[in-house]
Amino acid sequence: MMMSWLDDLTFNADGLIPAIAQDHATGQILMMAWQNAESLRLTVETGTAVYFSRSRGKIWHKGESSGHTQIVHEIRTDCDRDVIVLIITQIGGVACHTGRTSCFFEKLDVASLDWVAVDKVIKDPSEIYGDAVKVDAPHTLIKLDNSKVIGELDRILDERKTADKDSSYVSSLYHKGLNKILEKVGEETTEAIISAKELQLVRATGDNDEHAKADVVYEVADMWFHSLVALHQLGLSGDDVLTELARRFGLSGIDEKNARTPKG
């Protein structure tokens, strides 16, 4: 038997209800998808957006393949209780599979009566999905213990050296060479710096900083990831960096710096 709050909603003949995702900080409409009773229940339980895919006929957790999960702050319904609005923080700032902030990126040009794309692509879709892990089992989220993440990334990045460059984003970077990889490291580092400054600005104005904090974490993750790709291109690994960091435990930062052999 469904919970009473679910019984109060009006689902269509297929047991679905339209769900609109709205940005918690800006109020921007980001996307529309469908939910059934089970995906709504999971949304409440997990605090993240869970939808129902009509094309695949199963529940899907937003971000399960892209990493662009949605943190749910509020769940609202309309006066007829036949539409849901999820007030969310979009991790990574990308809700649309085209790599844009919002799925509603086309505007009608009333002069030409043509639909025109007016929002820029934030992230190339090949970067988002090229090496994404596909989750086929419903209700399943890939969750690694934090202590195992670097080791798993090392393993995957090694595997990508022999993958098809046309189907793997990382393999395509390896194929383009070190200069291209370092260019990406530089780009992601710049984006991390910009997001950090934006967070500082948001906090200075007293606005809600949840979205800005999520952006900093996302951009730093991108910076770390591409740095790992560079290490593997050079025959090194994330584990080598962890070993060096472990060596520094118990050392004064000043003493460690003074003990370094001068370059040149």
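**Close-up views of a predicted model**

**View 1. The loop around L113.** With a relative accessible area of 62%, L113 is exposed, because this value is over the 50% cut-off. The coordinates are those of a predicted model, and this legend and those that follow should be read with that in mind. L113 is found in the loop between β7 (106–109) and β8 (114–117), and its phi is near 55 degrees, a positive value in a residue other than glycine.

**View 2. The loop around R81.** R81 lies in the loop that joins β5 (70–77) and β6 (84–90), and although R81 is not a glycine, it has a positive phi of about 55 degrees. Its relative accessible area is 41%, so R81 is partly exposed, a class that spans the values between the 20% and 50% cut-offs.

**View 3. Helix α2 and the residue that follows it.** Helix α2 covers residues 37–46, and its buried residues are A37, S39, L40, L42 and T43. An α-helix has 3.6 residues a turn, so residues three or four places apart point the same way. Just after α2 comes G47, which takes a positive phi of about 75 degrees.

**View 4. S53 in strand β3, with A37 for reference.** S53 lies in strand β3, which runs over residues 50–53, and its relative accessibility is 7%, so S53 counts as buried under the 20% cut-off. The C-alpha atoms of S53 and A37 are 13 Å apart in space, while the two residues are 16 apart in sequence. A37 itself is one of the buried residues of helix α2.

**View 5. The aromatic pair of Y51 and W60.** The count of aromatic pairs in this model comes to one. That pair is formed by Y51 and W60, whose ring centres are 5.3 Å apart and whose planes make an angle of 40 degrees, a geometry classed as tilted. A pair of aromatic rings is described by the distance of the centres and the angle of the planes. The angle of 40 degrees is neither under 30 nor over 60 degrees, so the pair is tilted rather than stacked or edge-to-face. Both partners are buried: Y51 has a relative accessible area of 0%, and W60 has one of 16%.

**View 6. The second largest pocket, between domain 1 and domain 2.** The chain is divided into domain 1 (1–132) and domain 2 (135–248), and the C-alpha centres of these domains lie 25 Å apart. The second largest pocket lies between domain 1 and domain 2, because both of them give residues to its lining. This pocket has a volume of about 650 Å³. Its lining consists of 26 residues, of which G93, I122, E198, H211 and D215 lie nearest the centre. The elements that contribute two or more residues to this lining are α6 (178–205) and α7 (210–233). Sorted by class, the lining holds 10 nonpolar, nine polar and seven charged residues.

**View 7. T189 in helix α6, with L242 for reference.** T189 is found in helix α6, and its relative accessible area is 26%, so T189 counts as partly exposed. From C-alpha to C-alpha, T189 and L242 are 20 Å apart in space, and they are 53 residues apart in sequence.

View 8. An unreviewed UniProt entry places the feature "domain: Phosphoribosyl-AMP cyclohydrolase" at residues 31–105. In the model, the end C-alpha atoms of residues 31–105 lie 10 Å apart, and the span is 13% helix and 37% strand.

**View 9. The chain as a whole, as context for the close-ups.** The protein chain has nine helices and eight strands, and its C-alpha atoms fill a box of roughly 70 × 50 × 45 Å, taken along the principal axes. Of the 264 residues of the chain, 36% count as buried.

Methods: Residues are numbered from 1 along each chain as its sequence is written. This is a predicted model: local features need pLDDT of at least 70, side-chain atom pairs count only at pLDDT 80 or more; totals for chains, interfaces and linings use all residues. Side-chain values use heavy atoms; hydrogens and water are left out. Domain bounds come from an automatic or database domain assignment. UniProt positions are given in the numbering used here, feature names are shortened, and annotations may be inferred rather than shown by experiment. Helices (H or I, at least four residues) and strands (E, at least two) are DSSP runs, numbered from the N terminus. On a 1 Å grid over the protein atoms alone, a cavity is a set of points where a 1.4 Å probe fits but cannot get out, and a pocket is an open set with protein on both sides within 12 Å along at least five of seven lines; lining residues have an atom within 4 Å of a point. Grid points are joined across faces, edges and corners, and a volume is the space filled by probe spheres set on the points. Ala, Val, Leu, Ile, Met, Phe, Trp, Tyr, Cys and Pro count as nonpolar, Asp, Glu, Lys and Arg as charged, and the others, Gly among them, as polar. Rings of Phe, Tyr and Trp (its six-membered ring) pair if their centres lie within 6.5 Å; planes under 30 degrees apart count as stacked, over 60 as edge-to-face and the rest as tilted. Buried means under 20% relative accessible area, exposed over 50%, partly exposed in between (1.4 Å probe, protein chains only).
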